[in-house]
Amino acid sequence: MSRGTTSGRVEARFATLRKEGRAAFVPFIMAADPDYATSLEILKGLPAAGADMIEIGVMYSDPMADGPAIQAAGLRAKAGGARVTRTLEMVRAFRAEDQDTPIILMGYYNPIYIYGVEKFLTDAREAGVDGLIVVDLPPEEDSELCLPALDAGMHFIRLATPTTDDIRLPAVLANTSGFVYYVAVAGITGTKSADTGTIHAAVDRLKRHTDLPVAVGFGIKTPQQAGAVAEVADAAVVGSAIVQTIADNLDADGKALPGLVEKVLNFTRELSSGVRNATRQAAE
Amino acid sequence: MSAEPNSYRTGPDEFGHFGIFGGRYVAETLMPLILEVEKAYEAAKADPSFQAELDEFLKHYVGRPSPLYFAERLTEHYGGAKIYFKRDELNHTGAHKINNCMGQILLARRMGKKRIIAETGAGQHGVATATVCARFGLECVVYMGAPDIERQAPFVFRMKLLGAKVVPVTSGTATLKDAMNDALRDWVSNVDDTYYLIGTVAGPHPYPAMVRDFQSVIGVETREQMMAAEGRLPDSLVACIGGGSNAMGLFYPFLDDKDVRIIGVEAAGHGLESGQHAASLTGGRPGVLHGNRTYLLQDDDGQIIDAHSISAGLDYPGIGPEHSWLNDSGRVEYVSVTDDEALDCFQLCSRLEGIIPALEPSHALAHVGKIAPELPADHLMVMNMCGRGDKDVFTVADALGVKL
């Protein structure tokens, strides 16, 4: 299998953090939630609020791995005009000002399939996207998007889960690039939380099978939890708690209340501090 | 399309593909679970004691075989083809759904699962699932759209009588597709003890093939019964399609009989041009939803559009992947019928045959009514009467402006 040259941003960011001896903080927002302009303003503010890398959700009508908070974010985004083209436009606008912070798009396969895989990879790369997390594409369907993405120099970041056993793990890791995303709980986003000991053991297991950085997400809601994860993993991802902050700052018509962007960025700063103040235990 | 295959009965391949359709588009958390179901099903299929146990329950609990009935007065009415009904509405719980539920519940027991989850639209599959769970003493949780719970109160009460918990679905657009999403979310969150009993020939591999296999008893019986009645195979088969399990069950055993014309009938709702319909094949295009690639109702951004049909059982924006393949390969013809056409036939069949059909097979019957008059009297046509209409009397009364 051939692998194209990546943008290099993901590798560079993890290399820098390794030197600093800390984990990455990775916030998630849904593109165009609650509307395009507000969402772009949040996105542009995230690096200064401590985001080392950013996941942007690509709205899909049927997000089967997501809990209530991100489902609601998707519905708001749809009302806010979210489309694949608009999401790429948002990344392009962000890249005009920030050339270093890696951007990972996260979503489901159908919108990409309908956009057209080759065209999507070309347009996403051109817009400044560094990697993809596509929830409903397990290794069994690698020929759909994973292999073309790797060919095109786009990271394809796979999810490993508590149900991924040692027999299955090598297949899951085989075509993963950039980093591995460990789903900390068997469940949907934003609901259950795993304890640190369990996460530590899971990350250690992954590290025995791969040299790639390991990010951990699902169920991380507070600066304390983010900090605890940062002690044992290479990155902590927070999604539902951030989009819930957006939900909590809307008026009755779903429009952004004054101060929404600042509140979201303040919360992001707290989460990021949790990660930055963590004492690393992870053996490199 | 590619050249005609040697057999239409070899699919799916080991990855669950029917041509480009089917597959396993699920989150990694679920992947080990569906592999476990596949392995358990393959083992059960190869075990004669499993089939023997299933046969016993189909005979004594479900009431199989269902009759193949010559609909004499409808045949006279249309004045053409000789019309037979495959009477799957006479099964326990009133529809074909129980055939599949019985097969899967025996599989779940073999796998040692204690908790069964299911999605339901109108409630027919929910009732069938609750029924087999009650019979085997297993916990049952049914996901159902909140508006459907309002509309189908008798079904909801039946499920509760049978001991099931009915969970209202408010996510997304709160329809059948969202009930399926919530069932998948439940499964992801309860991976150790739970079995997902999918009600149609959709979902990730192995479900489309497994549900087809369990429903194929319909077509297998039809072959034998038609041979006994007429000494030859039927000339045509007609069945309605939502997800498409009753149709796959009737069609599958005949796919390699080239002289048997096979027709699937989708729900055209208010008409294809209205945009309010459930005809995924005639009005949709291929995409990926609920673990498989198939024809879907969707917009140009790949967002799924809600289906509409007067028949809640056909109200799904997708269709089983094997139907998509049979469509593209040309083996099966797919047509559509509107709400109004189905309503007319609902009443016609009730008056002429003394059989109140469900709104779902009323769609199939409406297409029978379109083609039967043009066919010769020695043309043998089988329509799958896959459900009884008792459940639909409120909907039909409402549509006819009658207050009950």
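Tutor: A residue counts as buried under 20% relative accessible area, as exposed over 50% and as partly exposed in between, with a 1.4 Å probe and protein chains only. The model is predicted, so local features need pLDDT of at least 70 and side-chain atom pairs pLDDT 80 or more, whereas totals for chains, interfaces and linings use all residues. Residues are numbered from 1 along each chain as its sequence is written, chains are lettered from A and ligands numbered from 1 in the order in which they are written, and side-chain values use heavy atoms, without hydrogens and water.

Student: Is B:His290 buried or exposed?

Tutor: B:His290 lies in the loop between β11 (285–289) and β12 (291–296) of chain B. Its phi is positive, near 50 degrees, although B:His290 is a residue other than glycine. Because its relative accessible area is 4%, B:His290 is buried.

Student: What is the relative accessibility of B:Ala174?

Tutor: B:Ala174 is found in the loop between β7 (165–169) and α8 (176–189) of chain B. This residue is not a glycine, yet has a positive phi of about 60 degrees. B:Ala174 counts as buried because its relative accessibility is 11%.

Student: Which residues are in contact with B:Ala397, leaving aside its neighbours within four places in sequence?

Tutor: B:Ala397 lies in helix α16 (residues 393–399) of chain B; helices are DSSP runs of H or I with at least four residues, strands are runs of E with at least two, and both are numbered from the N terminus. It counts as buried because its relative accessibility is 9%. Contact means heavy atoms within 4.5 Å. Leaving aside neighbours within four places in sequence, the contacts of B:Ala397 are B:Val402 and B:Leu404.

Student: Which residues have the most contacts inside the largest nonpolar core?

Tutor: A nonpolar core is a set of buried Ala, Val, Leu, Ile, Met, Phe, Trp, Tyr and Cys residues joined through side-chain atoms within 4.5 Å. The largest has 131 residues. Apart from it lies another core, of 74 residues, among them A:Ala23 and A:Val238. In the largest core, the residues with the most contacts are B:Ile105, B:Leu107 and B:Tyr195.

Student: Which elements of chain A do the buried residues of α6(A) pack against?

Tutor: Helix α6 covers residues 117–127 of chain A, and its buried residues are A:Val117, A:Phe120, A:Leu121, A:Asp123, A:Ala124 and A:Ala127. An α-helix has 3.6 residues a turn, so residues three or four places apart point the same way. Just after α6(A), A:Gly128 takes a positive phi of about 110 degrees. The buried residues of α6(A) pack against α4 (84–95), β3 (103–107), α5 (109–115), β4 (131–134) and α7 (146–151).

Student: What is the omega of the cis peptide bond between B:Arg64 and B:Pro65?

Tutor: B:Pro65 lies in the loop between α2 (48–62) and β3 (68–70) of chain B. Another cis peptide bond runs from B:Gly11 to B:Pro12, with omega near 0 degrees. For the bond that joins B:Arg64 and B:Pro65, omega is about -5 degrees.

Student: What is the radius of gyration of chain A?

Tutor: Taken over C-alpha atoms, the globule rule is 2.2 Å times the number of residues to the power 0.38. Because chain A has 284 residues, a compact globule would have a radius of gyration near 19 Å, and the value for chain A agrees: 17 Å.
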